[in-house]
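This report considers helix packing and backbone geometry. Please consult the sequence and structure shown here.

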Amino acid sequence: MELWAEVLNDENQYRRPLIDQVVQTALAETQDPEDISVTVKAFMAADLPNELIELLEKIVLENSVFSDHRNLQNLLILTAIKADKTKVMEYINRLDNYDAPDIANIAIGSQLYEEAFAIFKKFEVNSSAVQVLIENVSNLDRAYEFAERCNEPAVWSQLGKAQLQQNMVKEAIDSYIKADDPSAYLDVVETASKTESWEDLVRY
């Protein structure tokens with residue numbers, strides 16, 4: 001690691017050619033997980049996120065023996081979230097073996113709401129997916145379309161709750177009926193009485 005620290009020092013005039021050499025050939029041919037681990041740690045220690053992305057792309061995206069390695073997939077996506085947000089969606093769609101809920105929540109923390117939604121949708125964590133559309137994207141129309149597509153009671157309930165908070169009584173009651181969820185009855189009655197939506201309440 002000390003040798004790595006020396007050659008990756010930004011004062012080393014040969015640093016870029018060396019990085020290119022490592023990314024293009026040396027690691028592409030290795031079968032030894034220890035080589036990968038040491039190199040990745042060295043790039044992280046030298047604070048070279050963009051070069052780390054190059055390295056991980058070569059290892060993970062180009063069909064090496066480490067393509068399905070969970071930690072490397074996690075690291076590639078997380079490094080992109082920090083250093084190159086434009087690549088995050090591509091990685092989310094191309095990779096399949098990462099810690100989806102954890103990475104989705106980190107994406108939300110970095111305001112990458114569409115990416116978080118894409119992760120939850122891809123891994124069919126539908127109640128979390130609709131929550132992103134409701135709370136982060138703030139788009140009830142899209143949340144409704146998503147609820148129609150996956151047609152899960154928990155998703156309809158979340159949508160109903162959000163619609164009720166917007167005083168959309170008719171739509172909320174429709175959603176709660178589809179969810180077969182009477183648990184919000186008191187909230188529905190209270191909102192319906194405020195908005196005098198008595199006909200809608202009868203259906204519920």
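**Basis of the model**

The model is predicted, with local features requiring pLDDT of at least 70 and side-chain atom pairs counted only at pLDDT 80 or more, while totals for chains, interfaces and linings use all residues. Numbering starts from 1 along each chain as its sequence is written, and side-chain values use heavy atoms, without hydrogens and water.

**Packing of α5 and α7**

Helices are DSSP runs (H or I, at least four residues), numbered from the N terminus. Helix α5 (residues 70-83) packs against helix α7 (residues 100-109) at an angle of about 5°, the axes being 11 Å apart. The pair is therefore roughly parallel (angles under 35 degrees).

In this contact (heavy atoms within 4.5 Å), Asn74, Ile77, Leu78 and Ile81 of α5 meet Ile103, Ile106 and Ala107 of α7. The contact residues comprise six nonpolar, one polar and no charged.

**Helix α11**

Helix α11 (residues 153-165) has 13 residues and reaches 19 Å from its first C-alpha to its last, close to the 18 Å expected at 1.5 Å a residue. Its buried residues (under 20% relative accessible area) include Val155, Trp156, Leu159 and Leu164.

Most residues other than glycine have a negative phi. Asn167, which follows α11, has a positive phi near 60°. Asn167 lies in the loop between α11 and α12 (169-179) and is partly exposed at 47% relative accessibility (the class between 20% and 50%).

Gln111, in the loop between α7 and α8 (113-122), has a positive phi of about 60°. Gln111 is exposed, at 59% relative accessible area (over 50%).

How values were computed:
Axes fitted to C-alpha atoms, helices over the stretch in contact; angles between N-to-C directions. Helix = DSSP H or I, 4+ residues; strand = E, 2+ residues; numbered from the N terminus. Parallel < 35°, antiparallel > 145°, perpendicular 65-115°, else oblique. Nonpolar A, V, L, I, M, F, W, Y, C, P; charged D, E, K, R; others polar. Expected span 1.5 Å × (residues − 1). Buried < 20%, exposed > 50% of the residue type's maximum accessible area, 1.4 Å probe, protein only.
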